[in-house]
Amino acid sequence: MHRQSPILRWRRYPERYRLEGNKCLECSQIYFPKKELCECGCKSFVNYKLKGEGKILTFTEIKSSPEEFSEMTPYCVGIIELEDGPKITAQIADADVTCLKVGDKVESTFRKFTAVGDSGVIHYGLKFKKAKSSIN
Amino acid sequence: MIKKLNIGITGFGCYIPRFRIRTDDIAVANNQNVELIKGALLINEKTVPNKDEDAITISVEASKTALLRAGVSPKMLTAIYMGSESHPYAVKSSSAIIGEVLGVGENFMAADTEFACKAGTAALQMISGMVEGELINYGLAIGADTSQGSPGDALEYSAAAGGAALIIGKNKSEICANILYTLSRTSDTPDFWRRNKQQYPSHMGRFTGEEAYFKHVISTTEAMLNETGFKILDFDHVVLHQPNGKFPLKAAKALGASREQLKYGIVVHDIGNTYSGSSLLGLVNVLENAQPGQKILLTSYGSGSGSDCFIIETTENILEKQKIGKRLINYLSDKQYVNYNQYRQMVKMIH
Ligand SMILES: [Zn+2]
């Protein structure tokens, strides 16, 4: 991922900060990120805040990362299937790769993504971490 | 005559990071006597923030639980005041970021407060005054910190990370703890400070005790008792600022409080000093364990120096709120230890 301007990131706060997707008014399909055209052909949606709970479908450890994530490296990234349906790719926080397994329950947690140098903007967003019931 | 308030807590929540370091490991790394240190501080272990955590991320997680328990839409909050001495930005509001993440919208008043370890209770007083004065219906007050001490300094054993959030309202059917009174004492005392752009604070060692912490905590609590006519033993729970395990015990003893009154209010032993989060974490733990109709005395302390004192009384609604959301005890049992080297790596980013 290349570095994005603070303004571009700012426009995506609803999804990055609050897992805001949308839901088709016709067939109730939930999308994250938001879509403008549903698989059913409908174009009418309402905003829908996803619950932030789900399970790990697959995961990997990133050992060589883009420079902006170097402070956190190594870190884990996974595909999470949310209880609401959508699947998303996200960092898995507070986790060593050896303690993760497919099917682990995870929950969203608000974290720092990157800070641009010592004077740039700090980027925040949602990561996922193992829910307590999945620990051990 | 002190004014009696008609407001209360409708939601409360806390957050501490998952990682911990044992006091033993810090002492060994610094070639210091483990038993001596533990005896002096009464801290077994402390929380360590991960590299991607700061006072804002801690505040967000604590506030989410507070909102869940308050049972109101984030859009109903019309003020957010966040107190910390580790605001991630020197200039850019932490409270504004927290409001955006919670989905409060844009119709809210906001500011960040700073008064060493009492920035959170100062925020609580400000929100309380605004609700009492009917400027707002609901406000969010937060105290959170990712504090740290330089390697080898006494502070390294206690400086920890965590925070707590409280939603204040005036609707009796939603209030789980009435805030009855608050007052403060403040004096210009040079016990502990951190200049701009300095990574670590400076402090006057032993002077931070008698002339600073004890003087303010005791005199402010006594002033409150004098003003309201309550006796210390009238309270079911006493919560005092807890920079280590020993100070609140000693202050409580001087005030005539029993160990039983401190049962839920002292949480520093397994968390460390969370600065602006410290006394509010104790309060949240009390609220998570209290019975209806119990009286709570809370006195914070912030270096520089001052104390804020509150008298709070739980209502019937407390039992329902206790069934919702993550409790401090859940966070305490969800932990992973790091060694000293990992710990230094994790905290080197702070500030
Ligand atoms: Zn559809």
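A pocket is an open set of points on a 1 Å grid over the protein atoms alone, with protein on both sides within 12 Å along at least five of seven lines, and its lining residues have an atom within 4 Å of a point. A volume is the space filled by probe spheres set on the points, which are joined across faces, edges and corners.

The model is predicted, and local features need pLDDT of at least 70. Residues are numbered from 1 along each chain as its sequence is written.

**View 1. The second largest pocket.** This pocket holds about 1,200 Å³ of space. Among its 44 lining residues, those closest to its centre are A:K49, A:K51, A:S108, B:K64 and B:L68. Helix α3 of chain B contributes the most to the lining, five residues (helices are DSSP runs of H or I, at least four residues, and strands are runs of E, at least two).

**View 2. B:S63 in helix α3.** B:S63 sits in α3 (residues 55-70) of chain B. B:S63 is buried at 0% relative accessibility (buried means under 20%, exposed over 50%, partly exposed in between, with a 1.4 Å probe and protein chains only). Beyond its neighbours within four places in sequence, B:S63 contacts B:I98, B:L102, B:L140, B:I142 and B:A165 (contact means heavy atoms within 4.5 Å).

**View 3. The zinc site.** The SG atoms of A:C24, A:C27, A:C38 and A:C40 are the protein donors of the zinc ion, at 2.3 to 2.4 Å (donors are N, O and S atoms within 2.8 Å of the metal, or 3.2 Å for Na, K and Ca). The donor residues follow the spacing C-x2-C-x10-C-x1-C. A:C27 is partly exposed at 38%, whereas A:C38 is buried at 4%.

Methods: Chains are lettered from A and ligands numbered from 1 in the order in which they are written. This is a predicted model: local features need pLDDT of at least 70, side-chain atom pairs count only at pLDDT 80 or more; totals for chains, interfaces and linings use all residues. Side-chain values use heavy atoms; hydrogens and water are left out. On a 1 Å grid over the protein atoms alone, a cavity is a set of points where a 1.4 Å probe fits but cannot get out, and a pocket is an open set with protein on both sides within 12 Å along at least five of seven lines; lining residues have an atom within 4 Å of a point.
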